[in-house]
Amino acid sequence: MLIQNKEENNRGMFYVENDGEQLAEMDYSLSAGIMTIIHTEVDEKLKGKNVGLMLVNHAAEHARANHLKIIPICPFAKKVFDKRREEYKDVLY
């Protein structure tokens, strides 16, 4: 599954599209080397495909590649980061 990224004016999103329809997104803001994950949403069409987890993993890889730290305020993202704290400890603020 292709996860794309769009950034503009210190805000961004990772998202999944299919035939021009956005089916999943994770919104974030950027400030002083910190990526704050604000919101995650996955369409019912992708239910059961672990797309939310893929978005979290993609965010972590993006943070690693760009030397960012992550603060997850989105309840879904926070739950994933808390559950897998050891896996993501290098990117958590």
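Two strands pair if DSSP finds at least two bridges between them. Helices (H or I, at least four residues) and strands (E, at least two) are DSSP runs, numbered from the N terminus. This is a predicted model, where local features need pLDDT of at least 70 and side-chain atom pairs count only at pLDDT 80 or more, while totals for chains, interfaces and linings use all residues. Residues are numbered from 1 along each chain as its sequence is written, and side-chain values use heavy atoms, with hydrogens and water left out.

**Sheet**

- Five strands form an open sheet in the order E1-E2-E3-E4-E5, with mixed pairing.
- E1 and strand E5 (69–72) are the edge strands; each has a single partner strand, so one side of each lacks a neighbour in the sheet.
- Neighbouring strands are turned by 30 degrees against each other on average, direction ignored. Axes here are lines fitted to C-alpha atoms, for helices over the stretch in contact, and angles run from 0 to 180 degrees between N-to-C directions.
- Strand E1 (residues 4–8) pairs with E2 in the antiparallel sense over five bridges.
- Glutamine 4 has tyrosine 15 in E2 as its bridge partner. Asparagine 5 is bridged to phenylalanine 14 in E2.
- Two residues separate E1 and E2 in their hairpin, and asparagine 9 in the turn has a positive phi of about 50 degrees.

- Beyond four places in sequence, methionine 26 contacts (heavy atoms within 4.5 Å) residues including Phe14, Ile37, Thr40 and Leu55.
- Threonine 40 lies in strand E4. Threonine 40 is buried at 14% relative accessible area (buried is under 20%, exposed over 50%, partly exposed in between, with a 1.4 Å probe and protein chains only).

**Salt bridges**

- The whole structure has seven salt bridges (a side-chain nitrogen of Lys or Arg within 4 Å of a carboxyl oxygen of Asp or Glu).
- Arginine 64 meets glutamate 61 at 2.7 Å, N to O. Both lie in helix H1, three residues apart.
- Arginine 64 also meets aspartate 90 at 2.7 Å, N to O. This pair links distant parts of the chain, 26 residues apart.
- Aspartate 82 bridges to arginine 85, with the closest N and O atoms 3.0 Å apart.
- Shared partners join Glu61, Arg64 and Asp90 into one network.
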